[in-house]
Amino acid sequence: MAAPTTTAREVVPILDFGGQTAQLIARRVRDAGVFSLLVRPDITPAALRAMGAKGIILSGGPMSVYETGAPTCDRGIFDLGVPVLGICYGLQLAAHLLGGTVTPGSHREFGRAGLHITGTDPLLRGVPDRTIVWMSHGDQVTKADGLFVPIASTPTCPIAAVRSADPSRRLYGVQFHPEVTHTPHGSDIIRNFLYDICLCEGTWRMSEFAEVASRQVKQSVGEAHVICGLSGGVDSAVTAALLHKAIGRQLHCVFVDTGLLRKGERTLVETTFRDHFKIDLHVVDAEAAFLADLAGVTDPQEKRRRIGHRFIEVFKHKAKAIPGATCLAQGTLYPDVIESGHGHSGQAAGIKLHHNVGGLPAELGFTLVEPLRELFKDEVRKLGEVLGLPEQLVWRHPFPGPGLAVRVLGEVTRAKLDILREADQILLDEIIAADLYRKTSQVFAVLLPVQSVGVMGDGRTYEGTIAVRAVETEDFMSADWSRLPYDVLARVSGRIINEVRGVNRVVYDISSKPPATIEWE
C-alpha cells in the first residue's frame with residue numbers, strides 16, 4: 001500500500017477505526033502545530049515509515065476488538081521504533097494484538113468520569129492527580145501483565161491509562177478521549193505525546209497546508225481542466241481560491257442557479273468571483289430541471305440523491321463546452337464524509353447523505369478533486385484567510401449544498417421556496433443588526449409542513465410555520481443551540497409574521513447536535 005502523499009516535515013498519522021471523533025484527534029494535533037491526517041487502519045508499516053511518521057495514533061471505534069469483522073492493524077506497527085498512542089478502541093486493539101485481554105467491562109462508562117493518576121509518566125505531565133475525562137466504552141483492558149504499566153484509573157476502569165512495560169516499544173494508551181472538549185486536560189495530554197514523547201518541533205501552520213495542498217492538486221490534475229461547483233458558501237469559495245492558486249487558467253467555475261438559493265445569492269456570486277477575482281465563471285439556469293426532479297418528493301435522502309444527480313448532469317453538459325475538463329472539484333469537508341458513512345475504516349455510521357458525498361451517481365464521469373476533505377469548517381476559514389479571501393466571504397455562515405430543498409420540509413415547490421427566502425432574509429437581517437452574526441456559527445429558517453390557526457385583523461388564519469435555527473460550534477461535528485436574546489427573537493418573529501404572506505407562527509429550535517443534526521433534513 002502506497003503511503004499517503006504529504007510534504008510536511010513532521011507528520012503524525014492516525015489510523016482510523018471508525019470512531020465519530022477520529023478526525024477531532026487530527027484537528028487537535030494540527031492545532032498543536034504538527035501535521036496530521038487520517039489513514040486506513042490496514043496501512044502497512046512500510047507505508048508509515050515512508051511517510052516519515054514521528055508518531056502514530058490509533059483512534060477509537062464503534063466495534064469490539066473480538067467481534068468478527070472488527071477493523072484491525074498490522075502488528076508490525078508496534079515494532080517501527082516510533083511512539084504509538086492508542087485511544088479507547090486503539091488501546092484495546094494494541095492490547096489484543098500484543099497478548100493482553102479485552103472483555104466487556106463490569107460497568108460501562110459513557111460521559112464524564114473521575115480520573116486518578118497513579119503513576120509518573122511524560123504522557124500525563126502537568127495533569128492534576130485527580131481530573132475529569134470523557135469516557136465512551138463498554139469494553140476495557142482487563143489483563144495486561146508484562147505488557148503495560150497502568151498509570152491512571154477511574155472508579156470502574158482500573159486500566160484507564162498505560163505505558164508499555166517494554167521501554168523500547170514506546171507504546172501508550174488511554175481508555176478515555178483526550179480529543180474532545182469534555183476532557184479538560186485532553187489537549188495537554190496530546191501535546192505531551194507530541195512534544196515530550198515524539199519530540200516534534202511544531203512547525204506546521206495552515207500556510208503550509210495551503211502550499212502542500214496546492215502542490216498536490218497541481219500534481220494530481222496535471223494538464224487537465226477542472227470544473228469547480230460554486231455555491232457562494234465558504235467551502236466552495238475556498239476550494240476555488242485554492243485551485244486558482246494551484247492551476248490558474250485550468251480552473252473553470254460553474255454556478256448553478258438551482259432555484260433553491262438564498263435571496264440575492266446569484267448576484268453575490270457573480271460579483272465576487274467574476275468581477276473581483278477574475279475567475280472564469282459560468283452561470284447555468286437550471287431551476288426548472290431541479291424543481292421538476294423534486295416534484296412530489298418528501299424523503300430527505302431522496303431529495304439529496306436527486307439533487308446530486310442533477311448537479312452532475314448539469315456539470316457534464318457544461319463540461320462539453322470546456323475543452324479538457326475531466327475533473328470535478330468540490331468543497332467536501334470532513335463532517336460531510338463522516339455523516340455519510342465514508343470514513344477510512346468503513347465502520348463509521350451513516351447519518352445522512354450529502355449531495356456531494358453519498359448523493360453522487362456511481363458512474364460520475366469525472367475525476368473528483370476534494371482538497372478540503374480532511375478539514376473542519378474553522379480550519380477552512382483559516383485557509384481562506386491565508387488565501388486572501390475577503391472577510392465577509394470567509395466568515396459567511398454555512399449553506400447546505402442541496403440549498404433550501406432541505407429547509408423546506410416535505411415537498412419542495414416554488415411558492416414554498418419564496419416564503420422561506422423572505423423569512424430567512426428577515427432572520428439574517430435582524431441577526432446582523434444585533435451584532436450576533438459572528439457570535440453564532442449558523443443561523444437559518446426552516447419552513448415546516450405544519451399549518452396552524454391564527455388571528456390577523458380579527459379574522460381567522462390557517463397558515464404555515466417557520467422554525468428558527470441558531471447554533472454555536474467549533475467544528476460542526478457537535479453543536480449547541482444559541483441563547484439568542486428574547487428581544488431579537490421577538491423582532492424576528494414579528495417581522496416574519498407581518499411581512500411574509502403565508503406564515504402566522506414562528507418557533508425556535510432548542511435542540512443540540514447530537515442528538516439532533518444542525519440541518520433539519
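Strand β2 (residues 35-39) is largely enclosed by the rest of the structure, because five of its five residues are buried. This description concerns a predicted model.

**Strand β2 and its partner**

- Phe 35, Leu 37 and Val 39 point one way from β2, whereas Ser 36 and Leu 38 point the other way; residues on both sides are buried.
- Strand β1 (residues 11-15) runs parallel to β2 and is joined to it by five bridges.
- Within this pairing, Val 12 has Ser 36 of β2 as its bridge partner.

**The five-stranded sheet**

- An open sheet is formed by five strands in the order β12-β11-β10-β13-β14, with parallel pairing.
- From one strand to the next, the twist averages 30°.
- Five bridges connect strand β10 (residues 225-230) with strand β11 (residues 251-257) in the parallel sense.
- Gly 229 lies opposite Val 254 of β11.
- Helix α6 packs on this sheet and touches β10, β11, β13 (325-329) and β14; the direction of α6 makes about 160° with that of β10.

**Packing of α6 with α5**

- Helix α5 (residues 206-221) packs against helix α6 (residues 234-247) at an angle of about 65°, and their axes are 9 Å apart.
- Angles of 65 to 115 degrees count as roughly perpendicular, and α5 and α6 are therefore described in that way.
- The crossing of α5 past α6 is right-handed.
- On the α5 side, the contact is made by Ala 210, Glu 211, Ala 213, Ser 214, Val 217, Lys 218 and Val 221. On the α6 side, Leu 242, Leu 243, Lys 245, Ala 246 and Ile 247 take part.
- The contact of α5 with α6 comprises eight nonpolar, one polar and three charged residues.

**Packing of α6 with α11**

- The axes of α6 and helix α11 (residues 377-386) cross at roughly 40° and come within 10 Å.
- These two helices, α6 and α11, are therefore oblique to each other.
- α6 passes α11 in a crossing that is left-handed.
- Val 234, Asp 235 and Val 238 of α6 meet Lys 377, Val 380, Arg 381, Leu 383 and Gly 384 of α11 in this contact.
- By class, four nonpolar, one polar and three charged residues make up the contact of α6 with α11.

Terms used: Residues numbered from 1 in each chain as written. Predicted model: local features only at pLDDT ≥ 70, side-chain atom pairs only at ≥ 80, totals over all residues. Heavy atoms only, no water. Axes fitted to C-alpha atoms, helices over the stretch in contact; angles between N-to-C directions. Helix = DSSP H or I, 4+ residues; strand = E, 2+ residues; numbered from the N terminus. Parallel < 35°, antiparallel > 145°, perpendicular 65-115°, else oblique. Left-handed = near helix turned anticlockwise from the far one by under 90°. Contact = heavy atoms within 4.5 Å. Nonpolar A, V, L, I, M, F, W, Y, C, P; charged D, E, K, R; others polar. Buried < 20%, exposed > 50% of the residue type's maximum accessible area, 1.4 Å probe, protein only. Pairing = 2+ DSSP bridges.
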